[in-house]
Amino acid sequence: MSQDVKLPLDYFKHASLFWTDLLHLMSGKPIALTSVGPSRNWGNDAKKVITELIDANDDLIEFNQRLTEYYKQLSETWTESQKKVNAKIPTIPQDVEHLEAYKRVWIDIFENDFTQLFDSEKFGENYGKLVSAELELSRHWESITNVILQSMKLPTRKEIDEVYKELHELRKRITKLERNEEKTNAK
């Protein structure tokens with residue numbers, strides 16, 4: 001290969017795109033000649049889906065890293081809070097009347113520690129990147145879905161949204177006309 005590949009993921013992308021292009025070139029004409037309807041469209045659009053899946057893999061890795069960090073921060077905070085509660089337990093008498101005191105101590109410690117976590121810059125930064133990675137994944141899945149829907153000659157989300165918008169506008173106009181008619185009949 002003429003391209004210097006350093007990361008295994010880059011190599012995987014390069015090899016996948018190479019084989020996808022090769023298979024597309026080799027099988028494009030026979031598929032076009034022998035298939036009709038959705039199968040023909042799918043043969044032509046398969047490369048778009050595979051490319052989108054490969055691109056989505058980067059975002060999936062990013063999402064998983066951010067999700068792992070998110071749960072790590074939550075579990076570390078939980079563990080530290082529980083240690084603080086456990087340290088205070090011996091100072092609270094162990095009878096039924098003081099059970100409420102124990103619950104208040106537990107709630108106060110956990111509330112303070114988790115509020116500090118959620119207010120921290122590190123948590124906010126990771127959470128923002130987690131949401132961004134999730135949105136990127138959603139964009140990839142929507143793109144793949146649109147390619148498949150177009151291949152099958154079905155309406156895409158954008159087309160359905162346009163129909164809903166037109167329907168909403170028609171309903172508004174009909175409601176407005178009905179109100180005007182009611183006003184004219186009332187006179």
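Read along the sequence, what pattern does the protein follow? Colour by secondary structure and you'll get α-α-α-α-α: five helices and zero strands. Keep in mind that this is a predicted model.

**Stop 1: the whole chain.** Show the surface. It comes to about 14400 Å² of accessible area, and 58% of that belongs to carbon and sulfur atoms. Of the 187 residues, 21% count as buried. Now think about contacts between residues at least 6 apart in sequence: 75% of these join residues at least 24 apart.

**Stop 2: the core.** Select Phe-63, Tyr-70, Leu-74, Phe-114 and Leu-117. These have the most contacts inside the largest nonpolar core, which has 13 residues. Helix H2 (38–88), helix H3 (99–119) and helix H4 (121–151) each supply at least two of the core's residues. The largest share, five residues, comes from H3.

Stay on Tyr-70 for a moment. Setting aside its neighbours within four places in sequence, Tyr-70 is in contact with Phe-123, Asn-126, Tyr-127 and Leu-130.

**Stop 3: a serine in H2.** Next, click on Ser-81, which is found in helix H2. Is Ser-81 buried or exposed? With a relative accessible area of 0%, Ser-81 is buried, because anything under 20% counts that way. Leave out its neighbours within four places in sequence, and Ser-81 is in contact with Ile-109, Phe-110, Asp-113 and Phe-114.

**Stop 4: the rings.** Time for the aromatic side chains, where the count comes to 11 aromatic pairs. Zoom in on Trp-106 and Phe-110: their pair is stacked, at 4.1 Å centre to centre with 25 degrees between the planes. Being four residues apart in helix H3, these two are separated by about one helical turn. Trp-106 is partly exposed at 27% relative accessible area, whereas Phe-110 is buried at 5%.

Then pick Phe-118 and Phe-123. Their ring centres are 5.1 Å apart and their planes sit at 55 degrees, so this pair is tilted. Phe-118 counts as partly exposed at 43% relative accessibility, while Phe-123 counts as buried at 7%.

Stop 5: Finish at Tyr-127, whose place is in helix H4. Tyr-127 counts as partly exposed, at 40% relative accessibility.

Methods: Residues are numbered from 1 along each chain as its sequence is written. This is a predicted model: local features need pLDDT of at least 70, side-chain atom pairs count only at pLDDT 80 or more; totals for chains, interfaces and linings use all residues. Side-chain values use heavy atoms; hydrogens and water are left out. A nonpolar core is a set of buried Ala, Val, Leu, Ile, Met, Phe, Trp, Tyr and Cys residues joined through side-chain atoms within 4.5 Å. Buried means under 20% relative accessible area, exposed over 50%, partly exposed in between (1.4 Å probe, protein chains only). Contact means heavy atoms within 4.5 Å. Accessible areas come from the Shrake-Rupley method with a 1.4 Å probe; for residues, only the protein chains shown count as cover. Rings of Phe, Tyr and Trp (its six-membered ring) pair if their centres lie within 6.5 Å; planes under 30 degrees apart count as stacked, over 60 as edge-to-face and the rest as tilted.
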